[in-house]
Amino acid sequence: MGGGGGAFTPRTDDQLDLVPAGADAAVAIGSGCIAAASVAPFLMCVDRAVTAAAAGQTSSVWRGVVDNVSEFVRQPHRALRQPALWMVASVYAGTYAAANLSDVVGERAHASANSKAAGKFTATTGANMIGGIAKDAAFARMFGAPATGAGLVVPFASYGLFATRDALTVGGAFFLPNALSNALVASGQSKDESTASAVAQLVSPPLMQVVCTPMHLLALNMVNAPVATLAQRVGTLASSATPALVARSLRMLPAYGVGGILNLTLSARGRDAARRKFLPSAEDLKAAKERLGRRGGAAAAKLADAKGRKALASIGVAARRGIVGKTKGSERDSSDDTGDAPFTLRTGAGAGAGARTLGRFDARRLKAPAGGGSTAGRGGGGGRRRDLRLLGVGASGGSRSAAAASA
């Protein structure tokens with residue numbers, strides 16, 4: 001989930017204009033689902049073992065964990081189909097996706113840092129609490145039933161304890177890593193901020209289990225022994241708290257440590273891939289050109305010519321007005337046999353002066369609007385002039401003349 005959110009890099013204004021919100025949302029949801037599916041098997045094994053041990057259905061928490069893990073080894077097809085696994089995966093997919101989507105909404109709404117933090121905490125806590133409470137209540141019924149098979153009722157007090165536990169767990173995973181990371185750097189224990197952030201992300205959630213695990217066990221005890229006295233509940237907690245605390249602390253490492261880091265990494269890479277698709281940099285275009293060149297021979301040249309024809313068609317009116325020239329054919333560098341040659345924007349009076357090379361994507365942005373002359377003069381011309389400024393050719397007099405001609 002990422003308490004600090006250090007791996008999240010906000011987009012620039014140009015990127016927000018050109019990268020669709022739907023692409024960022026798809027990355028946010030996909031990253032969360034993949035990260036959740038990666039850690040769900042271990043989380044399910046621990047949750048099921050703790051629930052069964054609290055009900056006396058297994059000799060110990062560790063015996064239950066071993067039995068559950070061995071099921072994945074011996075009968076993976078059966079283990080992967082059990083509803084308990086996908087309940088856990090759904091809880092954390094919703095949690096990670098909520099954290100990612102809140103980042104996307106916050107940056108596109110240009111919200112303040114405090115508003116983003118509050119929105120992320122609310123969305124993440126809400127998603128985790130709703131899914132976690134429903135999952136734990138279902139686990140209590142599925143794995144905590146006594147030997148008689150009598151149906152169990154989850155009291156409202158248990159729901160309240162589950163909710164408080166989740167609020168503290170998510171809050172600790174959200175706020176504690178920043179404070180702990182800053183403390184590590186300030187004390188000199190770690191001079192690298194990224195290392196301190198990773199350590200804090202891994203350590204913070206397990207620390208919260210000192211408070212959260214007793215709440216979890218008490219909630220389960222209210223389900224399994226609804227008429228027990230306070231002294232009996234305290235005795236049960238005292239005997240089962242230590243192994244459950246260790247197991248749930250280890251559980252937090254993949255849930256909020258490994259899973260959170262994986263979620264942030266996948267989200268960052270996915271967002272960068274979306275940026276390269278919709279707003280490629282010069283380095284991206286060069287890398288694509290090199291990949292195209294490695295295809296070699298006539299196939300590469302054919303693909304390059306097809307890309308060139310498509311890009312020239314996308315320039316439209318601007319190409320016919322002579323603002324943009326094509327560097328293929330006679331203007332193409334004979335040493336460049338990789339294809340996908342760029343286009344050249346003429347901003348000076350001479351044939352070679354003031355020329356600026358544009359990639360295929362940049363050339364497409366100069367396409368004139370379909371409106372009439374008055375629209376082009378007001379909105380269309382302004383849009384093209386803004387495009388020229390974004391390309392870095394709007395400061396000189398020649399570039400302004402070119403923009404005026406295009407209007």
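Student: How many salt bridges does the structure hold?
Tutor: The structure, which is a predicted model, holds 15 salt bridges.

Student: Which residue does Asp-24 meet in a salt bridge?
Tutor: Arg-271; the two side chains meet at 3.8 Å, N to O. Asp-24 belongs to helix α2 (residues 21-54) and Arg-271 to helix α9 (residues 230-278), so this pair ties together parts that are 247 residues apart in sequence.

Student: Is Asp-24 buried or exposed?
Tutor: Buried, because its relative accessible area is 1%, under the 20% cut-off.

Student: And Arg-271, buried or exposed?
Tutor: Arg-271 is buried too, with a relative accessible area of 5%.

Student: Next one. What does Glu-71 form with Arg-48?
Tutor: A salt bridge, with the closest N and O atoms 3.6 Å apart. Glu-71 sits in helix α3 (residues 61-74) and Arg-48 in helix α2, so the pair links distant parts of the chain, 23 residues apart.

Student: What do Glu-71 and Arg-48 count as in terms of accessibility?
Tutor: Glu-71 counts as buried at 12% relative accessibility, whereas Arg-48 counts as partly exposed at 22%. The cut-off for buried is under 20% relative accessible area, which is why the two fall into separate classes.

Student: Changing topic: with which residue does Arg-165 form a salt bridge?
Tutor: With Asp-136; the closest N and O atoms are 2.5 Å apart. This pair links helix α7, where Arg-165 lies, to helix α6 (residues 113-143), where Asp-136 lies, and the partners are 29 residues apart.

Student: Are those two buried or exposed?
Tutor: Arg-165 counts as buried at 2% relative accessibility, and Asp-136 counts as buried at 4%.

Student: Which residues are joined into one network there?
Tutor: Asp-47, Lys-135, Asp-136, Arg-165, Asp-166 and Arg-251 are joined by salt bridges that share partners.

Student: Why can side chains like that pair at all?
Tutor: Side chains of opposite charge can pair when their charged atoms come close.

Student: Where does Asp-166 lie?
Tutor: In helix α7, which covers residues 156-186. Asp-166 is buried, with a relative accessible area of 6%.

Student: What does its side chain make a polar contact with?
Tutor: The side chain of Asp-166 makes a polar contact with the side chain of Arg-165, at 2.8 Å.

Student: Leaving aside neighbours within four places in sequence, which residues is Asp-166 in contact with?
Tutor: With those neighbours set aside, Asp-166 is in contact with Asn-128, Met-129, Gly-132 and Ile-133.

Key:
Residues numbered from 1 in each chain as written. Predicted model: local features only at pLDDT ≥ 70, side-chain atom pairs only at ≥ 80, totals over all residues. Heavy atoms only, no water. Helix = DSSP H or I, 4+ residues; strand = E, 2+ residues; numbered from the N terminus. Buried < 20%, exposed > 50% of the residue type's maximum accessible area, 1.4 Å probe, protein only. Polar contact = N/O pair within 3.5 Å; in protein donor to acceptor, adjacent residues only side chain to side chain. Contact = heavy atoms within 4.5 Å. Salt bridge = Lys/Arg side-chain N within 4 Å of Asp/Glu carboxyl O.
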